[in-house]
Structure formats: C-alpha cells, structure tokens
Amino acid sequence: SEKWENYSHRPSELIWSPGCPFYPGNEEIVEKELDYTIDTRNPGGVWDINWKWFGMDQYNDEFAVSANWWKANKAMEKLHFLKAFDRL
C-alpha cells in the first residue's frame, strides 16, 4: 500500500467483488484499498492519473487529451470497485 500513490499494482486488479475467489483471506488489504480509493479523490470528485509519459515536454497537448480519457476510464473502474463492496 505504500506504493499505491505511484504507478503500481493494487488488490482491485484481481479482487473486484466479495465473490471473487481471491477475496477470502485478503479482506483487510481490500478494505485498506477501498478507504484509500475514497480518500484520494481530487476536489472535482474523480481521481488523477498517477503516471506521465516519457518525453512529456514534447507531447504536452497530446498527454492532456490522453490524461482526460484515462481519468474517465479509471473513475469507472474505481466506482465499480466501490459499488461492489457497498462503499457508494
């Protein structure tokens, strides 16, 4: 969980609902990620992406467009995760 602020793997990549076979025995880390997910929304109510492109100074405009698409995608993933665990 110390690395979640950066681009890293999280339990939700394998455990997307309480019915997942990997959930039993991992309840504590899933709850921790659920709390983290709620606590890290930006003031606009969504989540910022936590990566940049290599050579960003060359592609600032392109990255800005891409970042908005990724924000939407990640917001949907996180909302589905939160809903599956009755956290919405």
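This is a predicted model: local features need pLDDT of at least 70, side-chain atom pairs count only at pLDDT 80 or more; totals for chains, interfaces and linings use all residues.

Mentor: Let's settle one term before anything else: a residue is buried under 20% relative accessible area, exposed over 50%, and partly exposed in between.

Two others involve Arg87. In one, the side chain of Glu31 meets that of Arg87 at 3.0 Å, N to O. That pair ties together distant parts of the chain: Glu31 belongs to helix α1, Arg87 to the segment after α2, and they are 56 residues apart. In the other, Asp35 meets Arg87 at 2.3 Å, again N to O. Asp35 is also in helix α1, with Arg87 in the segment after α2, 52 residues apart, so this pair too links distant parts of the chain. Put together, Glu31, Asp35 and Arg87 make up a network of salt bridges.

How buried or exposed are the members of that network? Glu31 has 31% relative accessibility, Asp35 has 37%, and Arg87 has 26%. Each of these values lies between 20% and 50%, so Glu31, Asp35 and Arg87 count as partly exposed.

Next, the aromatic rings, where the segment after α2 turns up again. The model has five aromatic pairs. One of them is Tyr23 with Phe85, a tilted pair with 5.4 Å between the ring centres and 55° between the planes. Here as well the partners come from distant parts of the chain: Tyr23 lies in the segment before α1, Phe85 in the segment after α2, 62 residues apart. Both Tyr23 and Phe85 are buried. Phe85 also faces Phe81: their ring centres are 5.4 Å apart and their planes stand at 70°, over the 60-degree limit, so this pair is edge-to-face. With 6% relative accessible area, Phe81 is buried, and Phe85 comes in at 10%, which is under the 20% cut-off and therefore buried. Elsewhere, Tyr7, Trp51 and Trp70 form one aromatic cluster.

There's a nonpolar side to the surface as well. Met76, Leu79 and Leu88 make a nonpolar patch there, with about 310 Å² of accessible area together. Met76 is in helix α2 and is partly exposed, at 48% relative accessible area.

The loop between α1 and α2 deserves a glance, too. Asn42 lies in that loop and, at 17% relative accessibility, counts as buried because the value is under 20%. Setting aside neighbours within four places in sequence, Asn42 is in contact with Trp47 and Asp48, and its side chain makes a polar contact of 3.0 Å with the side chain of Asp48. Trp53 is another matter: the C-alpha atoms of Asn42 and Trp53 are 21 Å apart, for 11 residues along the chain.

Finally, zoom out. The protein has two helices and zero strands, and its C-alpha atoms fill a box of roughly 45 × 20 × 20 Å along the principal axes. Of its 88 residues, 27% are buried. Among contacts with a separation of 6 or more, 55% are between residues 24 or more positions apart. The accessible surface comes to about 6600 Å², and carbon and sulfur atoms hold 56% of that.

How values were computed:
Residues are numbered from 1 along each chain as its sequence is written. Side-chain values use heavy atoms; hydrogens and water are left out. Rings of Phe, Tyr and Trp (its six-membered ring) pair if their centres lie within 6.5 Å; planes under 30 degrees apart count as stacked, over 60 as edge-to-face and the rest as tilted. Helices (H or I, at least four residues) and strands (E, at least two) are DSSP runs, numbered from the N terminus. Buried means under 20% relative accessible area, exposed over 50%, partly exposed in between (1.4 Å probe, protein chains only). Contact means heavy atoms within 4.5 Å. A polar contact is a pair of N or O atoms within 3.5 Å; within protein, one must be able to donate a hydrogen and the other to accept it, and residues adjacent in sequence count only if both atoms are side-chain atoms. A salt bridge is a side-chain nitrogen of Lys or Arg within 4 Å of a carboxyl oxygen of Asp or Glu. Patches are made of residues with over 30% relative accessible area and no salt bridge: like charges are joined within 9 Å, nonpolar side chains (Val, Leu, Ile, Met, Phe, Trp, Tyr) within 5 Å. Accessible areas come from the Shrake-Rupley method with a 1.4 Å probe; for residues, only the protein chains shown count as cover.
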